[in-house]
Amino acid sequence: MGCPHQCVFCDQVLITGHKDRTLSSQQVRERITETLGYKGKHRGRVEVAFYGGTFLGLPLSYRESLLREAQGFVEKGEVESIRFSTRPDSVTSDSLKALAPYAVQAIEVGAQSMDDTVLTLSRRGHTAADTRRAVNLLKAHGVRVGLQIMPGLPGATEESILETGRRVAELKPDFVRIYPTVVVKNTVLEKRYNSGRFKPLTLVDAVDLTKRLYLLFDACGIQVIRMGLQVTDSLLEPGNIIAGPFHPAFGHLVYSAIFLDLAARELEMQKKLSERITLRSHPHDVPKLKGLRNSNMSQLIERFHLKELHVLSDPDVPANTVKVENLTGLARFERI
Ligand code: SF4
C-alpha cells in the first residue's frame, strides 16, 4: 500500500503473505496483543514494525491510525518502539514532522540500487539522489536508518552492484538488508524472464556478490541484518518463485562462503601443511565454517589434499575467526 509505482519485481501479496492489504486499528491491536502474549513476561525488546509497502505514502489519516495503535502499547510500557519501511521519495520534512508524537526509532528505505539506469529499468520511479536526500533527512530527524538493496535487478552488472554497495556505505546507514533479485509470479519481471529479456543472477553469483557486499559493510561498521528474502508460506507455494537465486538459507550460504575463504586463506598461509588439520571457531561460527551439509569441509579436503579435517567448537576463539590448531595464525574478515 502507498506505492505510487509498481516496481517490476514486486508482488507484495506474495512476498508478505497478506492478501488483504488494509489493517484496521483493531487488527493491529490484536496482532500486537497476540505477539506480546506469546512472548510472555520475560520478553526482550519489542518493536512494532510496518512492512510491505510505502508507509509514508499511506494517506495521513490511515498512517496515523496505525501509529496511534502501536503508540498505545509504547505508552503502556509493553513495546519499546516502532519502525517501518518506505520508499526514498516518500521521505519529506513534512512526512517526518508528522511522526513527532510517535516512538518511531528506525526507518528502512528501499534504495534497491544506486545506479539510475537500473532504477529506471526496474520502474522504481525514483533516483539514487532521492535515496541520498532521504538518508540525510532521516539522519537529521534522529532515527536509525536502514537501507535495502537488491543485487541483480535489470541492467545491473557486477561492477554496478559493488558500486551500489560502496555508495550505500558512504551514506553510513545504521544497517542494511541485501535481497538478491528473485523472479516472482505475476510481476513484470516474470514476463521479461519468460520472453528472455531478463536473466537473474545464478545462486552461486548471488552468494558471491552478497558476500563481497557483506564484507564491505562489515569493514565500514554497518550491520547487515538480513541477506535473502524472508521465507513466507505463500512465497514457498509451488509456482510462486519463477526463477532466480532464492534459497531458504541464503544468509547461511553467504556466511559459509566467507568462512570457506577464511579457512582457505589460513591454510594457504602455512608453509608446511600437515595432512591432518583441525580448525577451531567460536561455537556460533562452527555451522558457518562447516558449510551447508559440510560442503566447506569437502571442498577444503579436496583443495588442500587433506586426509583428515576436524572442526572444533572453541568459546575462546573470537567471533568471525578461524584458527588452525597448533598454529598461531587467526584469519578474520577482511575488506574486499
Ligand atoms: S515501492 Fe516497494 S512495495 Fe511498492 S511496488 Fe515497489 S517494491 Fe513493491
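**Exercise 1.** State how strand 5 is joined to strand 7 (residues 223–227) in this predicted model, and list partner residues.

Solution. Four bridges join the two strands, which run parallel. Strands here are DSSP runs (E, at least two residues; helices are H or I, at least four), numbered from the N terminus, and two strands pair if DSSP finds at least two bridges between them. Next, the partners: phenylalanine 175 has glutamine 223 of strand 7 as its bridge partner, and arginine 177 stands opposite arginine 226.

Residues are numbered from 1 along each chain as its sequence is written. Because the model is predicted, local features need pLDDT of at least 70 and side-chain atom pairs count only at pLDDT 80 or more, while totals for chains, interfaces and linings use all residues.

**Exercise 2.** Describe the other neighbour of strand 5, strand 4 (residues 144–149).

Solution. Strand 4 and strand 5 run parallel and are joined by four bridges. Isoleucine 149 is paired with isoleucine 178 of strand 5. Together with helix 7 (residues 158–170), the two strands make a right-handed β-α-β unit; right-handed means that, with the strands pointing away from the viewer, the path from the first strand over the helix to the second runs clockwise.
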